[in-house]
Amino acid sequence: MKNRKYTQSHITLDNLASDLNTNRTYLSRHINAAMGCNFKTWISNLRIEDAKRLLLEEPNLPAVSVGELVGISDKSSFFRQFMNVVGATPGDYRDKHGK
């Protein structure tokens, strides 16, 4: 995930398996075992971790833009996913952890 493929809004288990020259079943089982969650949750967590970093590194970038940069183009979906993972809104997270 070094190349940040998870920021592509259209990423799927099939696409990633194809890019890695493996099959979706093997990849799904590997993600479940190694990460302790399913593919969708894993991608969401990667995106939110990236969003947390961007919120702090780019304090003038609106939260909606951060969501778009990490692959979540819908504002409501971004805020909901962020709140589910972090337990705070993007703005509250930035206020609490920003410099």
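Buried here means under 20% relative accessible area, exposed means over 50%, and partly exposed is in between, using a 1.4 Å probe and protein chains only. This is a predicted model, where local features need pLDDT of at least 70 and side-chain atom pairs count only at pLDDT 80 or more, while totals for chains, interfaces and linings use all residues. Residues are numbered from 1 along each chain as its sequence is written, and side-chain values use heavy atoms, with hydrogens and water left out.

On to the rings. Phe, Tyr and Trp (its six-membered ring) pair if their centres lie within 6.5 Å; planes under 30 degrees apart count as stacked, over 60 as edge-to-face and the rest as tilted. There are four aromatic pairs in the structure. Take Phe-39 and Trp-42: their ring centres are 6.3 Å apart with the planes at 55°, so this pair is tilted. Both sit in helix H3 (residues 39–57), three residues apart, which puts about one helical turn between them. Helices are DSSP runs (H or I, at least four residues), numbered from the N terminus.

Then there's Phe-78 with Phe-79, whose centres are 5.8 Å apart and whose planes meet at 85°, so call that one edge-to-face.

| Residue | Relative accessible area | Class |
|---|---|---|
| Phe-39 | 13% | buried |
| Trp-42 | 12% | buried |
| Phe-78 | 1% | buried |
| Phe-79 | 27% | partly exposed |

Phe-78 and Phe-79 also belong to one aromatic cluster with Phe-82 and Tyr-93.

Methods. Helices (H or I, at least four residues) and strands (E, at least two) are DSSP runs, numbered from the N terminus.
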